[in-house]
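Good morning, and thank you for coming. I would like to take you through one structure this morning, beginning with a pair of helices and then turning to other parts of the chain.

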Amino acid sequence: MADELKRGLEGVLVAESDLSYVDGEVGKLVYRGYDIEDLARGASYEEVLYLLWHGSLPTAAELDAFAADLAAEREVDDDVIETVRALAGAGERPMAALRTATSMLSAYDPDDEADAGEATLRQGRRITAKIPTVLAAFERVRQGEEPVAPDPDLSHAGNFLYMLTGTEPDDVSEETFDMALTLHADHGLNASTFTAMVIGSTMADVYSGVTGGIGALSGPLHGGANQDVMEVLHEVDASSKDPVQWVKDARDDGRRVPGFGHRVYKVKDPRANILEEKLRDLAESSGDTKWLDYTTAIEEYLTEQGLVEEGIAPNVDFYSGSVYDSLGIPVDMYTPIFAMSRVGGWIAHVAEYQEDNRLIRPRARYTGPEDSEFVPLDER
Ligand code: ACO
């Protein structure tokens with residue numbers, strides 16, 4: 001048993017956590033016992049951060065103080081903005097630019113010399129507050145515009161949309177984006193969260209953990225599928241192809257349908273249900289039902305084909321891209337936005353793990369040669 005090998009750590013329990021629970025058989029996700037649907041519909045992202053970091057939902061007074069502290073940390077040093085400019089100028093990808101800029105933020109942190117563990121939540125709050133500023137600046141510079149300074153009077157979600165566009169968002173856009181942030185904030189020990197925890201378990205500072213988490217999330221097997229879905233929908237649209245025909249062709253070619261299937265969920269992802277409903281609301285209010293029509297047609301077709309019954313059901317990424325698109329967010333910003341939300345979960349898991357820390361250090365089964373005879377360089 002001790003030597004049993006679990007590829008990809010599949011099914012291996014490595015920690016206890018009070019933070020989030022995923023039941024893939026019934027399609028349920030909870031943060032600290034609260035159903036994701038209740039939180040998405042009833043709580044702001046700031047409330048969810050407080051819940052994850054401090055263990056309970058805040059009172060109104062606690063939320064006011066917490067949100068003000070968070071908003072007060074949004075500004076980033078000019079040097080960071082200059083680096084963001086340089087990265088955009090070099091054509092860097094948004095996730096890579098975010099990874100570099102997040103690492104750089106530690107240079108300006110007043111707690112830079114503090115003990116990791118003790119400083120994790122304080123530094124985590126600063127990182128969470130500053131990531132939207134970095135991302136919005138990157139996007140604006142890339143579009144040939146000047147960065148917009150954060151507005152401490154706006155919510156976390158509203159301020160990001162404001163910094164991105166230069167205009168205060170309407171209520172529907174702000175609520176929609178806030179809901180998307182809540183839906184992506186935590187999801188058990190996914191690859192990026194586990195990466196941040198491994199780094200945190202060495203008692204390295206939380207900037208290192210978050211930077212590592214961003215790197216892990218950037219991979220196409222983890223954070224990139226929402227972009228893939230939107231690219232398919234754009235391709236369908238540009239070619240005037242029937243979306244069902246696109247799916248048939250993809251399956252005939254042995255390709256997977258992005259936005260379907262999940263390692264844990266064997267039924268439709270509860271986050272997908274909420275985002276689908278949101279997309280329906282947005283489509284009805286704007287009168288533009290294109291993405292809704294395409295996604296509905298694909299889901300209906302794959303349901304008829306029995307795929308959903310087999311457990312290959314829509315996941316969170318199937319609808320999030322269409323929702324972001326209706327907010328005017330560029331496709332390659334979808335994964336960075338995922339990071340902007342999931343950073344709350346990374347920090348919560350690192351802080352929780354460090355409370356009863358044990359260095360994470362697994363082993364590999366050695367399959368290399370034994371007793372190799374060393375030959376000096378000049379004799380090889
Ligand atoms: N389209 C068609 N068939 C699929 C799909 C899909 N999207 N997903 C899984 N399958 C099939 C596989 O071909 C496989 O069939 P086979 O046994 O006949 O070869 C079977 O379902 C099982 O697939 P696995 O890859 O073993 O399942 P796993 O749990 O490893 O995959 C994953 C999960 C990677 C998410 C997969 O469903 C996938 O590639 N989906 C598309 C990409 C995607 O949407 N990713 C986002 C996930 S959510 C998130 O990360 C936020």
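Predicted model: local features only at pLDDT ≥ 70, side-chain atom pairs only at ≥ 80, totals over all residues.

Let us begin with two helices. Helix α2, residues 45-54, and helix α3, residues 60-71, have axes that come within 10 Å and cross at roughly 95 degrees. Because angles of 65 to 115 degrees count as roughly perpendicular, α2 is described as roughly perpendicular to α3.

Which residues meet where α2 and α3 touch? On the α2 side they are Glu46, Glu47, Leu49, Tyr50, Trp53 and His54, and on the α3 side Glu62, Leu63, Phe66, Ala67 and Leu70.

I turn now to the strands. Three of them form an open sheet in the order β1-β2-β3, and the pairing is antiparallel. The edge strands are β1, residues 20-23, and β3, residues 34-35, each of which pairs on one side only.

Consider β1 and β2 in more detail. Four bridges join β1 and β2 in the antiparallel sense, and Tyr21 stands opposite Val30 in β2. These two strands, β1 and β2, form a hairpin with four residues between them, and Gly27 in that turn has a positive phi of about 75 degrees.

The other pairing is that of β2, residues 28-31, with β3: the two run antiparallel and are joined by two bridges. Here Tyr31 has Tyr34 in β3 as its bridge partner. Strands β2 and β3 also form a hairpin, with two residues between them, and in its turn Arg32 has a positive phi of about 45 degrees.

Next, the domains. How is the protein chain divided? Domain 1 covers 33-220 + 333-355, and domain 2 covers 225-326. To the contact, domain 1 gives 16 residues and domain 2 gives 18 residues. The centres of domain 1 and domain 2, taken over C-alpha atoms, are separated by 27 Å.

The size of an interface is often given as the accessible area lost when the parts come together. For domain 1 and domain 2, about 1,600 Å² is buried between them, 65% of it on carbon and sulfur atoms. Of the area that domain 1 buries against domain 2, Leu183, His187 and Tyr334 supply 39%, more than any other three residues.

Finally, I would draw your attention to Ile360, which is placed in the segment after α16 (334-355). Leaving aside residues up to four places away in sequence, Ile360 touches Phe194, Met197, Val198, Ser201 and Tyr353. By C-alpha positions, Ile360 and Ala313 are 33 Å apart in space, and they are 47 residues apart in sequence.

Thank you for your attention.

Methods. Residues numbered from 1 in each chain as written. Heavy atoms only, no water. Pairing = 2+ DSSP bridges. Axes fitted to C-alpha atoms, helices over the stretch in contact; angles between N-to-C directions. Parallel < 35°, antiparallel > 145°, perpendicular 65-115°, else oblique. Contact = heavy atoms within 4.5 Å. Domains from an automatic or database assignment. Buried area = accessible area lost by both parts, 1.4 Å probe.
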